[in-house]
Amino acid sequence: MRTKNKEIRVFAPATVSNIACGFDVMGFAIDMPGDELVLRVSEKPGVRIVKITGDNGRLTYNPEFNTGGKPILSMMRAFGIDCGVEIEIHKQMPLGSGLGSSAASAVAAAFAMNKLFELNLSESELLPFAIEGEMIASGSLHADNVAPALYGGFVLIRSYHPIDIIKLDVPKELFCSVIHPHIEISTKEARELLPEQIPLSTAIRQWGNTAALVAGLLKSDFALIGRSLEDFVAEPVRSRLIPGFAQMKQAALDAGAIGCSISGSGPSLFALSDSRDRADKIAKSMQMALNTFKLGSDLYVSAVNTQGPRILNCQTFA
Ligand code: HSE
């Protein structure tokens, strides 16, 4: 297959997943941070990762086992693309942060392939390729980072078999404060901590909140959104891995957050609120609470990113 395009540079956003009550079924994209990926047609045959930055040398250059490389290999096979390609991956968020770092690279890769080779695939057609990349990092099938990074916005996964993605409208004034404490939590390990079974009484509380969160978002009812941000499944066990979790959460609520919980498998925390000013204040309050634990952190404040991945630059053949 030939293309008029020679090289493309794309960005795919970080994501907050689970959103307290929606373990494995909810996530939303934020504006920053995110990963950049460059995909270039090359005269040398084969798929080669030629540069990775921002990973402290931890990611493999073997595309078969790289979250960005895998979707590209699979898409080349699926669409009979046999020219050589070079990949650069520029990580702009830490691994194991709970912000969907591997999903951002996987989505950037699938999105870049679609644009560079003008495949005109829809998000739902790209999703399985991005999930393949994400699975390399986490070892499990969960799409609550990949789907919002790819579709943009706030996403609900009604079913995995078959995959059924629903994009939810959210209030414009909904803002998110994220704190990333400088420790690393492996998603694989954090998943092993979870109970295999939960009592019916716990399930009832959890799905009541999940349904109410959707209703709150659609009705722009901030009080209802706030009441729904409770997690009886993952937060009780995973919060123990995060120094200062209780103090950061309390600081967020004291500063006016409508709710606060762990972002993905942590260690990042997210808090929701109804204005950017308040979200700034909440982020700083969480950081002050964490400072007493002598742990560094990064802060991000963002509305829900409705765009998802985007092209930063595209060069055509002369
Ligand atoms: N839903 C996944 C988990 C997200 O909590 O394990 C991982 O980022």
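Student: How much space lies in the largest cavity?

Tutor: In this predicted model, the largest cavity holds about 40 Å³ of space.

Student: And how many cavities of 30 Å³ or more does the count come to?

Tutor: The count comes to one cavity of 30 Å³ or more.

Student: Which residues line the largest cavity?

Tutor: Its lining consists of Asn18, Ala20, Asp231, Ala234, Glu235, Arg238, Ser261, Ile262 and Gly264. Asn18, Arg238 and Gly264 also belong to the residues around the ligand.

Student: Turning to the ligand, which pocket does it take up?

Tutor: The space taken by the ligand is the largest pocket.

Student: Which domains does the shell draw on?

Tutor: Domain 1 (5-168) and domain 2 (175-303) each supply at least three residues of the shell.

Student: What lies 2.8 Å from an oxygen atom of the ligand?

Tutor: That is a polar side-chain atom of Asn18. For Arg238, an N or O atom of the side chain is 2.7 Å from an oxygen atom of the ligand. On the nitrogen side, a polar side-chain atom of Asp24 lies 2.5 Å from a nitrogen atom of the ligand.

Student: How much of the ligand's accessible area does the protein cover?

Tutor: On its own the ligand has 260 Å² of accessible area, and the protein covers 97% of that.

Key: Residues are numbered from 1 along each chain as its sequence is written. This is a predicted model: local features need pLDDT of at least 70, side-chain atom pairs count only at pLDDT 80 or more; totals for chains, interfaces and linings use all residues. Side-chain values use heavy atoms; hydrogens and water are left out. A residue is near a molecule or strand if one of its heavy atoms lies within 4 Å of it. A polar contact is a pair of N or O atoms within 3.5 Å; within protein, one must be able to donate a hydrogen and the other to accept it, and residues adjacent in sequence count only if both atoms are side-chain atoms. Accessible areas come from the Shrake-Rupley method with a 1.4 Å probe; for residues, only the protein chains shown count as cover. On a 1 Å grid over the protein atoms alone, a cavity is a set of points where a 1.4 Å probe fits but cannot get out, and a pocket is an open set with protein on both sides within 12 Å along at least five of seven lines; lining residues have an atom within 4 Å of a point. A molecule sits in a cavity or pocket if more than half of its atoms lie within 2 Å of its grid points. Domain bounds come from an automatic or database domain assignment. Grid points are joined across faces, edges and corners, and a volume is the space filled by probe spheres set on the points.
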